Amino acid sequence: MNQSVSKAAQENAKNAKPERDMQQVGWNREQMAKRCAQDIEDGSYVNLGIGIPEKVAQYVPDGREVIYHTENGLLGMGTAPSEDELDPDLINAGKKPVTAIPGASYFHHGDSFAMIRGNHIDVCVLGAMQVSAKGDLANWSTGAADAIPAVGGAMDLVAGVKTIYIITQHTTKNGEAKILPECTFPLTGQGVVSRIYSDLAVIDVTAQGLVLTELAPEVSFEYVQARTGVELINALG
Amino acid sequence: MIDKNISSCATAVADIKDGDTVMIGGFGEAGSPIELIHALIDHGAKDLTVINNNTGSGRVGLAALIENNQVAKMICSYPRTANSLVFPELYRNNKIQLELVPQGTLAERIRAGGAGVPAFYTKTSVGTPLAKGKEIRNFDGHDYVMERSLKADFALIKAKCADRYGNLIFNKTARNFAPIMAMAATNTLVQVNQVVALGDINPEHVVTPGIFVNRIIEVANPQQESQLVKDGVVYPPMNKVAGE
């Protein structure tokens, strides 16, 4: 794992150069997805959330065979369809048209969520509003009184999938920390997150605390720590 | 002689009563039985509790049923989507109730209802606001929340193909909630693209066995919700005249 991490870091460092003009510091959205994709293992069953997590599929290294699950009832989700292939009856959980790969299967919602809740899916990649030091996740509601609450499958995914990866900007648009001692927004699940891929760093949730295992190019540990609401353990020494 | 074919959607929905609970299949527009929903709008039953993953889009189908003031309460996991205009406004004005349920819990509550299981325990929603007021029980060192099953007076679903016994096959991800809703409703109404002869569906390929189906209505060329929304269609058309 360490080897693949450092290899990925080198690769990202290399690829980060042409993108520097687009963002001041750290990884951009594509690079975050690409970094996460390095940790998707050959042969795994994977569910990708809407947004940046969806991009992970296009960066999984060649030679790894990964089966994508979409909770509305398809295992073996393929790429976006061409104009000719468009079928309103073949969509993903984000209600976007998709394709099915050879070897795909369709099933109803009871079976689809049995795959999730019965611990059959290996990895789920989701976005986050907040993550706590203990791996609590808040990603469905700000708790605002006038908002229309909507949860979808997020609570089922975090409760049932074996490994939960989070891809998120390290701070809010206003620069507030999203990694906190406790989430202030309503929870999606308690103690469910395994690893956080932010634009600045890769952080593992462990029994000892949050362990920073990797930094984005030209980002220092102190820079990350200053933007994190929890004291980080620096595995890079 | 068993023949579950009904001549029209209007006849099929005629005995839905005010106050009934109605499950409606579909995830977004995939699997939405739009002709049956429009027949229910024409029929006019009110104060319905409707169970669907979403709340429809535009001003057709489920959104139109809600706009027509026939729905007192929605039970769903995701009540807003890109084109959902009707529900958010009614909800903000306290004109419709919402029971928000995690999507997998919604599916399992429906499945349990169809299987005669009154309640079950799940890890989903433990420690979140959606577990508030529900029994928590520890099994093997983990907390689980108790969820009650869901049943309905009617289910309105869509399938690709049926025979007169009600055996069904579906189309791709349009299957979604339909098979479990068919199990959980007292009366399951299915609009199908095609009715075939007994034996034409390989028994190995039957997805929903006919025992879960009560009425079949052939709708050879169903309307597509996204196309209607794109075309600015409003159902029923008189609402448009009155509203504009």
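Guide: A salt bridge is a side-chain nitrogen of Lys or Arg within 4 Å of a carboxyl oxygen of Asp or Glu. Between chain A and chain B the count is 1 salt bridge. Asp87(A) pairs with Lys172(B), the closest N and O atoms being 2.9 Å apart. This is a predicted model, in which local features need pLDDT of at least 70 and side-chain atom pairs count only at pLDDT 80 or more, while totals for chains, interfaces and linings use all residues. Residues are numbered from 1 along each chain as its sequence is written.

Visitor: How many residues of chain A are in contact with chain B?

Guide: Contact means heavy atoms within 4.5 Å. By that rule, 36 residues of chain A meet 44 residues of chain B.

Visitor: Which classes of residue make up the side of chain A that touches chain B?

Guide: Ala, Val, Leu, Ile, Met, Phe, Trp, Tyr, Cys and Pro count as nonpolar, Asp, Glu, Lys and Arg as charged, and the others, Gly among them, as polar. That side of chain A has 18 nonpolar, 11 polar and 7 charged residues.

Visitor: What is the largest nonpolar core?

Guide: Nonpolar side chains tend to be buried together in soluble globular proteins. A nonpolar core is a set of buried (under 20% relative accessible area, 1.4 Å probe, protein chains only) Ala, Val, Leu, Ile, Met, Phe, Trp, Tyr and Cys residues joined through side-chain atoms within 4.5 Å. The largest here has 55 residues, and Ile40(A), Val56(A), Val125(A) and Leu137(A) have the most contacts inside it. Apart from it lies another core, of 37 residues, including Ala12(B) and Val219(B).

Technical notes: Chains are lettered from A and ligands numbered from 1 in the order in which they are written. Side-chain values use heavy atoms; hydrogens and water are left out. Buried means under 20% relative accessible area, exposed over 50%, partly exposed in between (1.4 Å probe, protein chains only).
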